[in-house]
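User: I would like to learn how to read a protein model feature by feature. Please give me the general idea each time, and then the case at hand.

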Amino acid sequence: MSAAVIAVIDDDALFRAAIASLIRSYDYQTAVFSSATEFLAARPQAISCIVSDLQMPELTGLDLARSLRAPEAPPLILMTAHATPSTRQEAEAAGVCVVLEKPLDPNLLIAAIEDAITNCG
């Protein structure tokens with residue numbers, strides 16, 4: 001099994017479980033969180049990449065990206081059903097590796113994770 005741990009953050013429990021299951025099927029380990037607030041409070045160690053929903057209560061995925069702005073922060077992939085050009089620009093400015101549109105293409109998600117770990121972290 002890969003040593004890479006992918007954090008999955010989404011307020012939709014079924015979607016979160018499905019994405020985590022998909023990621024585990026590619027031999028990654030996962031750590032799941034129901035919100036950006038929960039993720040930040042847990043302060044998980046050894047996270048190789050974060051896959052997060054954009055629109056969540058309390059802190060959005062962009063808020064999370066802004067709070068993680070540090071050289072040692074893991075790369076961040078955002079998922080959204082409403083990717084606008086301005087959202088993509090804000091995400092890029094906040095240090096997000098890529099914004100993926102829901103519904104997700106499983107192959108694109110895994111490719112984005114692999115690219116983020118290799119080139120964005």
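User: How many nonpolar, polar and charged residues are in the lining of the largest pocket, by class?

Analyst: Some ground rules come before the count. This is a predicted model, in which local features need pLDDT of at least 70 and side-chain atom pairs count only at pLDDT 80 or more, while totals for chains, interfaces and linings use all residues. Residues are numbered from 1 along each chain as its sequence is written, and side-chain values use heavy atoms, with hydrogens and water left out.
Rolling a probe the size of a water molecule over the atoms shows where empty space is left. On a 1 Å grid over the protein atoms alone, a pocket is an open set of points where a 1.4 Å probe fits, with protein on both sides within 12 Å along at least five of seven lines, and lining residues have an atom within 4 Å of a point. For the classes, Ala, Val, Leu, Ile, Met, Phe, Trp, Tyr, Cys and Pro count as nonpolar, Asp, Glu, Lys and Arg as charged, and the others, Gly among them, as polar. Here the lining of the largest pocket has nine nonpolar, one polar and two charged residues.

User: Which residues line the largest pocket, and what space lies in it?

Analyst: The lining consists of Phe39, Leu40, Arg43, Pro44, Gln45, Ala46, Ile47, Leu68, Ala70, Glu72, Ala73 and Pro74. A volume is the space filled by probe spheres set on the grid points, which are joined across faces, edges and corners. For the largest pocket this comes to about 280 Å³.

User: What volume does the second largest pocket have?

Analyst: The second largest pocket has about 180 Å³. It is lined by 14 residues, and Leu68, Ala70, Ala73, Pro74 and Gly95 are the closest to its centre. By class, this lining divides into eleven nonpolar, two polar and one charged.

User: Is isoleucine 113 buried or exposed, and what does it touch?

Analyst: Isoleucine 113 sits in helix H5 and is buried, because its relative accessible area is 0%. Contact means heavy atoms within 4.5 Å. Not counting residues up to four places away in sequence, isoleucine 113 touches Ile6, Ile23, Tyr28, Val51 and Ile77.

User: What does the side chain of aspartate 10 reach?

Analyst: The general idea is a polar contact, a pair of N or O atoms within 3.5 Å; within protein, one must be able to donate a hydrogen and the other to accept it, and residues adjacent in sequence count only if both atoms are side-chain atoms. The side chain of aspartate 10 reaches the backbone nitrogen of aspartate 12 at 2.8 Å. Another polar contact, of 3.3 Å, joins the side chains of aspartate 10 and lysine 102. Aspartate 10 lies in the loop between E1 and H1 and counts as buried, because its relative accessible area is 1%.

User: Where is serine 35?

Analyst: Serine 35 is in the loop between E2 and H2. Its side chain reaches the backbone nitrogen of glutamate 38 at 2.9 Å. With a relative accessible area of 13%, serine 35 is buried.

User: Last, the backbone. Which residues does a cis peptide bond join?

Analyst: Lysine 102 and proline 103 are joined by a cis peptide bond, with omega about 0 degrees. Proline 103 is in the loop between strand E5 (98-101) and helix H5 (106-120). As for phi, aspartate 27 has a positive value of about 70 degrees although it is not a glycine. Aspartate 27 lies in the loop between helix H1 (13-25) and E2, and counts as partly exposed at 47% relative accessibility.

Definitions and conventions:
Helices (H or I, at least four residues) and strands (E, at least two) are DSSP runs, numbered from the N terminus. Buried means under 20% relative accessible area, exposed over 50%, partly exposed in between (1.4 Å probe, protein chains only).
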